[in-house]
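This report describes selected features of the model displayed below. Please keep the sequence and the structure in view while reading.

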Amino acid sequence: MSKVFVCTAWGGPECQELQDREIPQPGPGELLLEVKAAGVNPADWKFRAGQFGTDFQLPAGLGLEAAGVVKAVGDDVEGFAVGDAVLANVPLGNGGFAEHTIVKAAQAVAKPDNVSFTVAAALPVAGTAAYDVTHQIELEPGQSMLIIGAGGGVGLMAAQIGKVHQFRTIGVASEAKRALVEATGATFVASGAGFADRVRELAPDGVDLVVDLVGGGTLRGAAPLAKSPDHVVSTADFSVTQLGGVTRAHDPEALEKITGVVSYGLVDPRVTATFPLERAAEALALVESGHATGKTVIEVA
Ligand SMILES: NC(=O)c1ccc[n+]([C@@H]2O[C@H](COP(=O)([O-])OP(=O)(O)OC[C@H]3O[C@@H](n4cnc5c(N)ncnc54)[C@H](OP(=O)(O)O)[C@@H]3O)[C@@H](O)[C@H]2O)c1
């Protein structure tokens with residue numbers, strides 16, 4: 001048997017629990033992973049709450065990004081073998097918060113030796129999001145990027161990518177995250193009432209790119225700071241398109257690329273909290289608070 005953290009209905013934290021299941025077997029194109037670490041994302045509680053639809057089998061495993069060791073390889077898989085260390089997106093419902101899970105080989109990449117499982121587990125969802133939002137609209141060195149939610153999982157990696165590309169990055173976050181945001185090379189601006197005015201003082205002519213990781217009224221306050229409305233990217237709010245902005249565009253090679261950048265030591269996902277699988281509920285609650293710092297990762301013994 002193998003442990004997995006699941007939701008048994010669509011709703012709040014009362015719907016989730018750690019269960020035992022048979023070790024799943026990989027189908028064609030799939031890998032069985034012995035999970036070593038799994039990143040926690042806002043998408044995990046959104047999935048549990050039914051925001052991605054309820055057309056999934058229950059209980060449904062939680063956890064969408066994982067790193068581990070390949071234990072079995074399905075038919076038609078090339079490039080992976082038993083014993084390989086990999087990181088991968090975990091399909092909705094399969095459960096990354098688990099001792100074992102099934103991933104698609106097409107969504108897995110080899111884990112570099114110099115990247116820990118814990119760090120690797122932060123990349124398939126948050127790392128690729130940071131990669132995409134900083135690349136889908138091309139900026140030149142010296143141009144300005146404003147990140148709203150700069151102290152979270154995606155935001156801290158996006159800010160570090162900004163430094164790699166020599167963007168002038170402004171990071172909006174709560175005061176508690178000032179030091180972490182400034183450590184990326186970004187200029188810190190405190191979030192909350194008046195944040196847009198504080199950004200305007202730094203960038204009177206507006207910014208070349210707004211990366212919104214918060215959405216709602218905060219996005220609406222930030223969007224006019226962009227020099228051009230179509231240079232607003234949001235991962236958090238589909239209604240960005242009503243403002244003339246865009247949602248995240250997925251680069252199929254983003255996982256490979258962000259893994260390389262992390263392996264070169266240029267970006268660190270800043271894992272600030274780790275929990276054992278038995279405390280997955282606490283890990284998810286921390287992220288569900290909406291005020292997480294960097295990445296939260298579940299480490300599986
Ligand atoms: N579409 C995709 O493929 C995709 C992929 C990854 C993530 N996402 C989405 O992107 C969003 C961010 O993800 P994440 O993993 O970075 O989340 P996270 O780790 O929870 O970070 C969110 C950050 O936003 C900050 N924040 C909250 N309210 C704020 C405000 N009003 N102004 C400025 N900052 C504020 C939070 O802390 P403080 O309030 O303390 O600053 C926190 O650091 C989520 O909505 C997530 O679902 C989408």
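Gly 83 counts as partly exposed, at 47% relative accessibility. The model is a predicted one, in which local features need pLDDT of at least 70 and side-chain atom pairs count only at pLDDT 80 or more, while totals for chains, interfaces and linings use all residues. Residues are numbered from 1 along each chain as its sequence is written, and side-chain values use heavy atoms, with hydrogens and water left out.

Gly 83 lies in the loop between β5 and β6. Helices (H or I, at least four residues) and strands (E, at least two) are DSSP runs, numbered from the N terminus. When residues up to four places away in sequence are not counted, Gly 83 touches Val 69 and Val 70; contact means heavy atoms within 4.5 Å.

## Backbone features in loops

The loop between β5 and β6 (85-89) also holds Asp 76. Asp 76 is not a glycine, although its phi is positive, at about 65°. With a relative accessible area of 70%, Asp 76 is exposed.

A positive phi, near 60°, is found in Gln 166 as well, again a residue other than glycine. Gln 166 is placed in the loop between α4 and β10 (168-173) and is exposed, with a relative accessible area of 55%. Elsewhere, the peptide bond from Leu 58 to Pro 59 is cis, with omega near -5°. Pro 59 belongs to the loop between α1 (42-48) and β4 (60-61).

## Salt bridges

A salt bridge is counted when a side-chain nitrogen of Lys or Arg is within 4 Å of a carboxyl oxygen of Asp or Glu. The count by this rule is twelve salt bridges. One of them joins the side chains of Lys 295 and Glu 65, at 2.6 Å from N to O. Lys 295 lies in strand β16 (residues 295-299) and Glu 65 in strand β5 (residues 65-73), so this pair ties together parts that are 230 residues apart in sequence. Both partners fall in the buried class: Lys 295 has 1% relative accessibility, and Glu 65 has a relative accessible area of 0%.

Glu 182 is partly exposed at 39% relative accessibility, and Arg 178 is partly exposed at 34%.

Asp 208 and Lys 227 form a further salt bridge, with their closest N and O atoms 3.1 Å apart. This pair links distant parts of the chain, 19 residues apart: Asp 208 is in the loop between α6 (195-202) and β12 (209-212), and Lys 227 is in the loop between α7 (216-222) and β13 (232-234). Asp 208 is buried, with a relative accessible area of 11%, whereas Lys 227 is partly exposed, with 48%. Salt bridges that share partners also join Glu 34, Lys 36 and Lys 71 into one network.

## Packing of α3 and α8

Two packed helices are described by the angle between their axes and the distance between the axes. The axes of helix α3 (residues 123-135) and helix α8 (residues 254-263) come within 9 Å and cross at roughly 90°. The two helices are therefore roughly perpendicular, a term for angles of 65 to 115 degrees; under 35 counts as roughly parallel, over 145 as roughly antiparallel and the rest as oblique. Axes are lines fitted to C-alpha atoms, for helices over the stretch in contact, and angles run from 0 to 180 degrees between N-to-C directions.

The residues that meet include Leu 123, Pro 124 and Tyr 131 in α3, and Leu 255, Ile 258 and Val 262 in α8.

## A nonpolar surface patch

Val 164, Tyr 264 and Leu 266 make a nonpolar surface patch of about 320 Å². Patches are made of residues with over 30% relative accessible area and no salt bridge; like charges are joined within 9 Å, and nonpolar side chains (Val, Leu, Ile, Met, Phe, Trp, Tyr) within 5 Å. Accessible areas come from the Shrake-Rupley method with a 1.4 Å probe, and for residues only the protein chains shown count as cover. Val 164 is in helix α4 (residues 153-164) and is partly exposed, at 36% relative accessibility.

Note on methods
Buried < 20%, exposed > 50% of the residue type's maximum accessible area, 1.4 Å probe, protein only.
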